[in-house]
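Open the structure in your viewer and keep the sequence panel beside it. The tour goes from one selection to the next.

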Amino acid sequence: MDMRILCYGDSNTYGCIGRWSDSEPTGGRYDADHRWPAVMGKTLGEGYHVIEGGFNGRSTIYDDPSAYGRNGETTLVRSLAENAPLDLVCILLGTNDLVRNKTITEDELPTGILRLIGIIRQHPEYGREGVCPKILLMAPTEVVPSDPKGRTGVYAKFRGDIGRALSHRFKDVYSKIAKEQGCYFLNAADYAHPGPADGVHLDPDSQVNLGKAMAKYVSETVAPNMRESAGIRHYMTFHRPLRSAQGMDIYDDKAFILYDKGYCGVYDLRNKQSYPIDFFPLGSCNEGTPDRNYLNHANSCMFGNLHRNGNPIPLLYVTAGTGTGYDADGYYYRCAVEDITKDAEGRYHSELVQTITYSPEAEVKAPFVNPCWGCPAFFADTDKGYLYIFSARYRTKRGCTPEGEHNAYIITKFALPDVAKGGLVKLTAADILDQFSVESDVPFTQGGMLFKNRIYYTYGCPKADYPVAIQVFDLEKKTLEVERTDWSAAFYGQEIECLGVYQGEILCNTCVGSLFAVPFGTLEEDLCTMK
């Protein structure tokens, strides 16, 4: 099956030949041996199908009052649909933004390209088997003065020295966007430069060089990474009533997605409705009283199979808190046991029925150690009656592990407190039933789930240069069974937060409002049977 690649750009993607004078007819185009998309396709050879989608005068999001159809935002969806299914979209746009928006500043350069990325991400139906196409951002080449014998007026049209300075900023602006958005990136100016005729359009040698560079980058970097992330697909986009989505679990075709401070949005997975069908505070909702240590960041959550008072919705165990220390009752991070009910009008409500914490002050007898450095995650095995605290030997941000040492993840086992007793349950070292640790330097913990005697845990924050990762810990074998790191591209550079199981797959939510489906087999082939 060929990898289908759309090259979406302006006249330099079309292959426009720069004119030496205004009297020359417009529309001159290089032949296929001198257009970078065609050269790219020919160089890649079998297994690839490169589609040329260049159009003279196209900008990212700006209209051309003198010519229709030059706004790249308004034509993108049609181009995606016409050429579907697509595996990769390469975008080389931005130069004409300097003409269409006469007052554009460096701060505004990201606006257009971000809108185009958003459009592609909203249309997974134009990707392969419902998976959004990957995106490769190409920073445009610079704008320079033409040869004195050429079309000298073009330089002024592109705002002269101001436009030239802005064109030099595309590299840094686009590379930053690519990193934050999980896109691939190539700087066209490293391989191509405008010809002397007008100082904007590429000369033929540059077209060839750029096409070969693109072929090399796609074959050596993009294609292997796409094969690595095969099977991961964008499931849906969800609207966020608050800025940052955190913990998530799934019950009865509904995703219960938690937000900072302890609010919950309920989303219809069957119909993939982006807006929540309800939004309500948890009983453990805390906006920072008496101080920010008590704010409920709602890092992780999971349903068990325990029900209260005949409620069909099982109790939800929430990892609540944000402080890295402890008070007289134990760690600021606590397990809030929530009873979520649904009234006759279909509205959801939640009551805090129990709070579980751990106090690190008592002496811990060997071979056990205190479970964590202060930010635990809680996992309830309601089938077997156990509660696990998941944490690390040291904080998992860079610089927190002492030089010469390795970090480790520590999983500590307790009896699951009887929820009927309610109130505050303070666990201590005397309550530890078992414990094991796994040496690991994978940084930046997020959230996870307990499923069929395994803890699945997520890591990473691509914006802060922490790669996305997933680890699977076997609670019976007391081992790290699977470790997958640097999945930032597979998740479009979004910060992965938590996990749930739906229709035989893992669903992962991100803080910015995406759900991704990850087949169990993508993590490990022998986990495919765990459906």
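This is a predicted model: local features need pLDDT of at least 70, side-chain atom pairs count only at pLDDT 80 or more; totals for chains, interfaces and linings use all residues.

Residues are numbered from 1 along each chain as its sequence is written, and side-chain values use heavy atoms, with hydrogens and water left out.

**Stop 1: the cores**

Select Y358, F379, F390 and I455. These residues have the most contacts inside the largest nonpolar core, which has 40 residues. A nonpolar core here is a set of buried Ala, Val, Leu, Ile, Met, Phe, Trp, Tyr and Cys residues joined through side-chain atoms within 4.5 Å. Buried means under 20% relative accessible area, exposed over 50%, and partly exposed in between, with a 1.4 Å probe and protein chains only.

Now colour the strands that each supply at least two residues of this core, among them β15 (334-342), β16 (348-358) and β18 (386-392). Strands (E, at least two residues) and helices (H or I, at least four) are DSSP runs, numbered from the N terminus. The strand that gives the most to this core is β18, with five residues.

Centre on F390. Leaving out residues up to four places away in sequence, F390 touches C375, P376, A377, F379, Y409, I410, I411, I455, Y457, Y459 and F473; contact means heavy atoms within 4.5 Å.

Then select L6, V99, I119 and F158, which belong to a second, separate core of 36 residues.

**Stop 2**

Show residues 445-451 and 479-484, which are the edge strands β22 and β25, each pairing on one side only. The open sheet has four strands in the order β22-β23-β24-β25, with antiparallel pairing. Two strands pair if DSSP finds at least two bridges between them. Between β24 and β25 there are five bridges, and I470 stands opposite R484 in β25.

**Stop 3: backbone positions**

Most residues other than glycine have a negative phi, and most peptide bonds are trans.

Go to A84 and P85, whose peptide bond is cis, with omega near 0 degrees. P85 lies in the loop between α3 (72-83) and β3 (88-92). Another cis peptide bond joins T289 and P290, with omega about 5 degrees.

Finally, select K272 and A298. K272 has a positive phi of about 55 degrees and is partly exposed, at 42% relative accessible area. A298 also has a positive phi, near 55 degrees, but is buried, at 0%.
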